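Open the model in your viewer and keep the selection tool at hand. The stops below say what to pick next and what is there.

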Amino acid sequence: MKKTGLNELRKDPLVGRWIAVLSESLPPSEYCQENSREPVREDSCILCAGREAEASQEIMRTPGTSLTDPSRKWSTRVIANFDPVFTVEGDLGRRGEGMYDKMNSVGANEIIIESPYHAIEPEDMGLDQMIRVIQTYRDRMADLEKDFRLRYTLIYKNHGRPSGALFSHPISQLTSTPVIPKRVKEELDNAKQYFSYKERCIFCDIMREELRIEKRIIIESRHYIAFCPYASKFPFETWILPKSHNCAFQDIRPDELEDFALILSSVLKKLRALFPDLSYNYFIHSAPNRVTRKDHWHSLGEDYHWHLEIMPRFLRTTGFEWGSGLYILPTSPEDAAKYLREV
Ligand SMILES: [Zn+2]
Ligand SMILES: [Zn+2]
Ligand SMILES: [Zn+2]
């Protein structure tokens with residue numbers, strides 16, 4: 001049954017989670033096809049250099065080193081998502097339906113093409129390319145923060161098919177939503193509560209503790225630590241945390257940005273040295289858009305601290321984890337950090 005129109009955001013009244021319902025419902029048969037869909041091959045990839053006209057609308061690009069060679073005309077490109085769940089046009093249309101709350105699915109869905117080359121990840125292309133990718137993340141975050149309708153921008157990467165990756169070209173994605181997603185909201189609320197009790201940032205405290213204990217640290221650089229969190233949800237889960245306190249990723253200074261590109265490349269290379277076919281997701285947790293909430297949330301700048309989380313995808317989530325939210329960790333974070341340190 002297909003109906004057309006705007007996608008809808010619905011709030012679960014029991015747990016407070018927002019979900020997006022697509023206006024064009026997929027019939028059951030499409031789900032089987034979805035599972036057997038092969039990743040796009042190199043010769044049919046419209047994200048590759050030279051096929052820009054076939055891809056969706058370009059939002060920005062980082063210039064490359066040549067004006068004529070198609071593979072060096074740009075180094076990163078941002079385009080609109082092919083199947084956007086959130087659309088840029090329109091107002092929020094917040095409304096109730098009986099006891100339920102809903103609104104229009106206003107927001108942004110973008111694809112960040114990390115390289116003009118198909119078969120290589122930016123961490124293998126040298127530090128300069130990784131820096132350009134991180135600069136692209138920063139520029140998009142800073143731009144979308146200006147839209148007063150949007151509350152949150154999440155930048156994330158799906159690598160490998162079990163992680164949900166549809167393209168084999170190296171890309172990251174970005175989704176801006178008019179609501180703060182539940183997983184982020186839980187972190188923000190807990191950080192705010194910790195701050196109001198202790199008058200210290202919980203992430204700064206975690207960092208001091210991890211540096212003191214040392215056994216969960218993988219690498220320490222000038223501006224960051226990479227470590228396996230004390231209560232990781234997944235084996236080999238790794239976080240990168242900036243040493244100096246800052247709530248928003250897009251405020252990163254140029255020297256911090258270079259160091260961030262370096263530590264992220266190093267961690268990804270270490271993970272792949274242990275697990276050559278690794279599937280993973282990573283995402284940046286940063287403050288919600290500060291523009292609309294300037295005088296609403298006084299302590300946000302002090303109580304939240306941006307970071308990147310990498311989730312390797314080895315295990316399928318079982319009924320116990322879905323039902324309880326309690327994760328089982330077959331390798332301890334201390335051992336995981338040791339393996340990653342030594343590889
Ligand atoms: Zn490609
Ligand atoms: Zn902090
Ligand atoms: Zn987080």
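Select Ser-75 first. Ser-75 touches Thr-62, Pro-63, Gly-64, Ile-113, Glu-114, Ser-115, Pro-116, Gln-129 and Arg-132, leaving out residues up to four places away in sequence. Contact here means heavy atoms within 4.5 Å. Ser-75 sits in strand E4, residues 74-80. Helices (H or I, at least four residues) and strands (E, at least two) are DSSP runs, numbered from the N terminus. With 5% relative accessibility, Ser-75 counts as buried. Buried means under 20% relative accessible area, exposed over 50%, and partly exposed in between (1.4 Å probe, protein chains only).

A note on the model before you move on. This is a predicted model, in which local features need pLDDT of at least 70 and side-chain atom pairs count only at pLDDT 80 or more, while totals for chains, interfaces and linings use all residues. Residues are numbered from 1 along each chain as its sequence is written, chains are lettered from A and ligands numbered from 1 in the order in which they are written, and side-chain values use heavy atoms, with hydrogens and water left out.

One pair links distant parts of the chain: His-285 in strand E13 and Glu-309 in strand E14 are 24 residues apart. Both His-285 and Glu-309 are buried.

Stay with Glu-187. Glu-187 lies in helix H3. Is Glu-187 buried or exposed? Its relative accessibility is 13%, so Glu-187 counts as buried. Leaving aside neighbours within four places in sequence, Glu-187 is in contact with Phe-203, Trp-239, His-285, Tyr-304, His-307 and Glu-309. Draw a line from Glu-187 to His-285: the two are 98 residues apart in sequence, and 9.2 Å apart in space, C-alpha to C-alpha.

**Helices H3 and H4**

Show H3 (residues 182-198) and H4 (residues 202-213) together. Their axes are 9 Å apart, and the helices pack at an angle of about 80°. Axes are lines fitted to C-alpha atoms, for helices over the stretch in contact, and angles run from 0 to 180 degrees between N-to-C directions. H3 and H4 are therefore roughly perpendicular to each other. Angles under 35 degrees count as roughly parallel, over 145 as roughly antiparallel, 65 to 115 as roughly perpendicular and the rest as oblique. At the contact, Glu-187, Ala-191 and Tyr-194 in H3 meet Ile-202, Phe-203 and Asp-205 in H4. By class, this contact has four nonpolar, no polar and two charged residues. Ala, Val, Leu, Ile, Met, Phe, Trp, Tyr, Cys and Pro count as nonpolar, Asp, Glu, Lys and Arg as charged, and the others, Gly among them, as polar.

**The core**

Next, highlight Tyr-137, Ile-240, Phe-249, Phe-260, Leu-264 and Ile-310. These have the most contacts inside the largest nonpolar core, which has 40 residues. A nonpolar core is a set of buried Ala, Val, Leu, Ile, Met, Phe, Trp, Tyr and Cys residues joined through side-chain atoms within 4.5 Å. Elements giving two or more residues to this core include helix H2 (127-144), helix H5 (254-274) and helix H8 (333-342). H5 gives the most, with eight residues. Apart from this core lies another, of 19 residues, among them Tyr-152, Cys-201, Phe-203 and Ile-217.

Zoom in on Tyr-137. Beyond its neighbours within four places in sequence, Tyr-137 is in contact with Ile-112, Glu-114, Ile-155, Ser-172, Phe-249, Tyr-282 and Ile-284.

**Along H5**

Pick Ser-265, which lies in helix H5. Ser-265 counts as buried, at 8% relative accessibility. Ser-265 touches Glu-123 and Met-130, not counting residues up to four places away in sequence.

The axes of H5 and H8 come within 9 Å and cross at roughly 100°. That makes H5 roughly perpendicular to H8. Here Lys-270, Leu-271 and Leu-274 in H5 meet Tyr-339, Leu-340 and Arg-341 in H8.

**Last stop**

Finish at Arg-161, in the loop between strand E8 (152-159) and strand E9 (171-177). Arg-161 is partly exposed, with a relative accessible area of 39%.
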